Amino acid sequence: MHPAIGITLFLGTIAAMEGVAYAAHRWVMHGPGWFLHKSHHEPRTGMFELNDLYAVIFACPSIVLLLGGVQLGWWPGFTWIGAGIAAYGAIYFGFHDVIVHKRLSHRYLPRSSYMKRIVQAHRLHHAVETRHGTVSFGFLWAPAPERLKAELNARGNAGVRAPARS
């Protein structure tokens with residue numbers, strides 16, 4: 001396979017994974033998979049939460065495609081697709097678990113308008129306590145925070161957490 005085709009498959013997979021992640025987050029995690037994802041919307045005790053099992057679940061297709069493409073003689077494009085899924089997972093981990101939820105200690109402060117927007121959108125997602133009525137299900141792309149706030153307001157702020165008291 002020509003490297004340009006492989007790189008196109010790799011980058012296309014990363015882009016497509018945002019759509020897959022959005023759909024899984026909105027209709028699986030906030031649907032029948034809430035029994036695992038609920039732990040992510042509650043205060044965490046310890047290093048791990050049940051929601052972390054989704055990382056294992058989503059890694060399986062990547063592992064299978066990489067194994068098939070590299071070791072089992074499957075179509076070489078599967079190697080690039082599997083690598084794209086793994087790359088999206090690494091990007092997701094860096095953004096979501098490290099930057100937003102600070103599961104690893106760091107001193108990074110978002111300065112770019114993109115990073116500020118994506119972090120604020122994710123915080124607005126977590127402003128709702130229930131699995132229903134949440135906004136912003138993407139991880140690398142999100143609507144403007146003003147639009148998300150307007151959406152929450154239009155719903156009467158149903159399920160929105162009360163402000164934390166100091």
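Colleague: How many aromatic pairs does a search of the whole structure find?

Modeller: The search finds six aromatic pairs, where rings of Phe, Tyr and Trp (its six-membered ring) pair if their centres lie within 6.5 Å. The model is predicted, so local features need pLDDT of at least 70 and side-chain atom pairs pLDDT 80 or more, while totals for chains, interfaces and linings use all residues. Residues are numbered from 1 along each chain as its sequence is written, and side-chain values use heavy atoms, without hydrogens and water.

Colleague: Why is the pair of Y22 and F137 called edge-to-face?

Modeller: Planes under 30 degrees apart count as stacked, over 60 as edge-to-face and the rest as tilted. The planes of Y22 and F137 stand at 80 degrees, with ring centres 6.0 Å apart, so the pair is edge-to-face.

Colleague: What makes this a link between distant parts of the chain?

Modeller: Y22 lies in helix α1 and F137 in the loop between α5 and α6, 115 residues apart.

Colleague: How many helices and strands does the protein have?

Modeller: There are six helices and zero strands, and the pattern along the sequence is α-α-α-α-α-α. Both are DSSP runs numbered from the N terminus: helices are H or I with at least four residues, strands E with at least two. The C-alpha atoms fill a box of roughly 60 × 35 × 30 Å along the principal axes.

Colleague: Why are α4 and α5 called roughly perpendicular?

Modeller: Helix α4 (residues 77–100) and helix α5 (residues 113–126) pack at about 75 degrees, with axes 12 Å apart. Angles under 35 degrees count as roughly parallel, over 145 as roughly antiparallel, 65 to 115 as roughly perpendicular and the rest as oblique; they run from 0 to 180 degrees between N-to-C directions, on lines fitted to C-alpha atoms, for helices over the stretch in contact. α4 and α5 are therefore roughly perpendicular to each other.

Colleague: Which residues of α4 and α5 meet?

Modeller: From α4, F95, H96, I99 and V100 meet M115, I118, V119, H122 and R123 of α5; contact means heavy atoms within 4.5 Å. Six of the contact residues are nonpolar, two polar and one charged. Nonpolar covers Ala, Val, Leu, Ile, Met, Phe, Trp, Tyr, Cys and Pro, charged covers Asp, Glu, Lys and Arg, and the others, Gly among them, are polar.

Colleague: What lines the largest cavity?

Modeller: The lining consists of F95, I118, A121, H122, S136, G138, F139 and A142. On a 1 Å grid over the protein atoms alone, a cavity is a set of points where a 1.4 Å probe fits but cannot get out, whereas a pocket is an open set with protein on both sides within 12 Å along at least five of seven lines; lining residues have an atom within 4 Å of a point.

Colleague: Which helix gives the most to the lining of the largest pocket?

Modeller: That is α4, with nine residues. The pocket holds about 590 Å³, and its 28 lining residues include Y54, A55, F58, G89 and Y92, which lie nearest its centre. By class, 19 are nonpolar, five polar and four charged.

Colleague: What is the volume of the second largest pocket?

Modeller: About 190 Å³; of its 14 lining residues, Y22, R26, S136, F137 and P143 are the closest to its centre.

Key
Points joined across faces, edges and corners; volume = space filled by probe spheres on them.
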